[in-house]
Every structure is written in structure tokens, then in C-alpha cells.
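Please look through the model below before reading on.

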Amino acid sequence: MRHKQISDRPMTFALIFDAGDEILTELKRFASAQKLAGSSFKAIGALSRAKIGWFHWETKKYELCADLNEQVELLSLIGDVAIIDETPEVHAHMIVGRRDGTAHGGHLMEAWVRPTCELVLTENPTHLQKQLDPASGLAVIRV
């Protein structure tokens, strides 16, 4: 993954993922290195594999709902980076399109780039802090 800061106010980065990069892993590494505390991002591209999840309310866990081991278009990837337990955490949802025109979407679990993914990340002026929500068991943003 390559990156370039493209604006100071607000601090904005372009992140370009290359074939073979796993988006979530690289994005977490970048957020930690840059000490990001409250950011949002969006991206498009294409993937060789995608694992998509959905939140199961009864078990309070994300479960795999689609494991697509094929070339797909990354139609939309949106999410945020916030601090939980003093560590930047990434939360993202994506929609991918298959060759037959069908789409699958949900919580980003894994996404392997091929040939590229273009992501724009903007640091928010007010840091977003996630706190544990007792009802869901999830870390959610409180403002």
C-alpha cells in the first residue's frame, strides 16, 4: 500500500492498495502508524477475494455471510477509524459486485485487492471515541 497526504485541513490521505494487499490489515497498520483517532473513509476498486459479515443480535458477534473467492468489483467501501482501549480500530461496510451483476454487502471481514483499491481517508476535527454498548456488546461512537 502506498499513501500520500493530500490536504492539511482537514488532514486527508489517499491510500492506494496494490494487488495482494489485504485492506483491513493495511488500514489498521496505517491508522496506528499515523495515530489516527477519528477518521472516515471511502473507497472503490476490485478484489480477488472478499469475506463479508453481518451482526448476529442474539450471539452479539459478526458471522460470515459471504465468502467470495473470485474477482469482484468493490462498488463501495465506507467506514471509520476510532479509538477503543487506546488503539485505533477500523469499522467498515462494503458492497461488492459479482460478474453476473449481483451484489453482496455487509461488514468488512477481509478484502484482498486485485488490481487496485483507491481509498480517501479524512481525519475528523473532533476525535471519535468508541465506548462499549451493553445492549449490543459492540464498541459504538458516543458524541
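How many residues does the largest nonpolar core have, and which have the most contacts inside it? In this predicted model, the largest nonpolar core has 30 residues, and those with the most contacts inside it are Leu47, Leu77 and Met94. At least two residues of this core are supplied by each of β2 (11-18), α1, β3 (38-56), β4 (61-68), β5 (72-84), β6 and β7, and the largest share, six residues, comes from β7. In soluble globular proteins, nonpolar side chains tend to be buried together.

When its neighbours within four places in sequence are left aside, Leu47 is in contact with a set of residues that includes Ile23, Val72, Leu74, Met94 and Trp112, and also Glu70 and Arg114.

The largest pocket has a volume of about 290 Å³, and among the 14 residues that line it, Tyr62, Val90, His91, His107 and Lys130 lie nearest its centre. Its lining divides into nine nonpolar, two polar and three charged residues. While α1 (23-34), β6 (87-97), β7 (103-123) and β9 (139-142) each supply at least two residues of that lining, the largest share, four residues, comes from β6.

The cysteines come last, and the count of disulfides is zero.

Terms used:
Residues numbered from 1 in each chain as written. Predicted model: local features only at pLDDT ≥ 70, side-chain atom pairs only at ≥ 80, totals over all residues. Heavy atoms only, no water. 1 Å grid on protein atoms, 1.4 Å probe; cavity = no way out; pocket = protein on both sides within 12 Å on 5 of 7 lines; lining within 4 Å. Points joined across faces, edges and corners; volume = space filled by probe spheres on them. Nonpolar A, V, L, I, M, F, W, Y, C, P; charged D, E, K, R; others polar. Core = buried A, V, L, I, M, F, W, Y, C linked by side-chain atoms within 4.5 Å. Buried < 20%, exposed > 50% of the residue type's maximum accessible area, 1.4 Å probe, protein only. Contact = heavy atoms within 4.5 Å. Disulfide = S-S within 2.5 Å.
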